[in-house]
Amino acid sequence: AESLRDSGWAERLQRLNTVASTQEEAKLLAEKGAPEGTAVMAEEQTGGRGTRGRKWHSPKGKGIWMSVVLRPAIPLQSTPQLTLLAGVAVCSAIRKMTGVEAGIKWPNDLLARGRKLCGILLESSFGPGGLQYCIAGIGISANLSEEDYPIELREIATSLLIEGGMPVDRGELAKEVLRELKYHYGLYMDQGLEPIAHLWEEQSVTLGRRIGLKTPQGWLEGTAIGLGEDGGLLLREENGTVTSVCTGEIVLI
Ligand code: BTN
């Protein structure tokens, strides 16, 4: 149990210089028994990772490249719900501290004016007793200017600097993210997905939009009408059929 003096996740944030990936740093700490809320942030990642095996561009001193250890007592199939709550937490922190109109694209990309501002990578470790720990990786493009992006990313990526017109204090924003994360995680553990789903829907840029998605059965197209009980995205097709989508990459049409 945490002592009263050490109850904050933000206060325990560890800052590192150059690492391959903060995901690996956080995993090492988790393996050594680090408590929930242990967070590491790096100035630079040389092997930053995105979802689906992609690389995550993490230039020095420009972003919030951070990973957080979580130890939720939940079944494995519920872990995607943690990405929803992380998205809500980061979106709230960004809106509060910068005023940038960030919105969530299902499941957990944050966009501003249709361009990507932040990505979340949730990785879980399972043992004989079930879920051992999760590492929530958060990448926020804070102070990148257009020239900091490779040409191929300039059309699809943005940053808080580009959107808000001024640099952000990365340390302060990282701490705010951790406060919001702790709050929303507590809410989820106490009350389940419902309050998180409400907040998610409020901050979503996906809801009400026509979206497309590749599935093993082929291309699926419909209107996003909400989140299902399990956190899946509910899609209503032209013919009225409602499908709950649990994984995949959607395209906003
Ligand atoms: C995505 O593809 O959208 C997820 C990107 C996640 C990037 C963050 S940066 C901190 C942490 N360390 C990594 O190597 N990746 C995550």
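This is a predicted model: local features need pLDDT of at least 70, side-chain atom pairs count only at pLDDT 80 or more; totals for chains, interfaces and linings use all residues.
## Ground rules

Local features here need pLDDT of at least 70, side-chain atom pairs count only at pLDDT 80 or more, and totals for chains, interfaces and linings use all residues. Residues are numbered from 1 along each chain as its sequence is written.

## Around the ligand

The ligand is surrounded by 20 residues, where being near means a C-beta atom, placed from the backbone, within 6 Å. The closest are S21, G50, G119, G137 and G139. At least two shell residues each come from α1 (22-31), β3 (63-70), β6 (115-127) and β7 (130-141); helices (H or I, at least four residues) and strands (E, at least two) are DSSP runs, numbered from the N terminus.

Sorted by class, the shell holds six nonpolar, eleven polar and three charged residues. Ala, Val, Leu, Ile, Met, Phe, Trp, Tyr, Cys and Pro count as nonpolar, Asp, Glu, Lys and Arg as charged, and the others, Gly among them, as polar.

## Two domains

The protein chain is assigned domain 1 (4-203) and domain 2 (210-252), with bounds from an automatic or database domain assignment. Their contact takes nine residues from domain 1 and eight residues from domain 2, counting C-beta atoms, placed from the backbone, within 7 Å. On the domain 1 side, α6 gives the most, with four residues.

## Backbone details

The peptide bond from W106 to P107 is cis, and P107 sits in the loop between β4 (103-105) and β5 (109-112). R113, in the loop between β5 and β6, has a positive phi of about 45 degrees although it is not a glycine.

Methods: Two residues are in contact if their C-beta atoms, placed from the backbone, lie within 7 Å.
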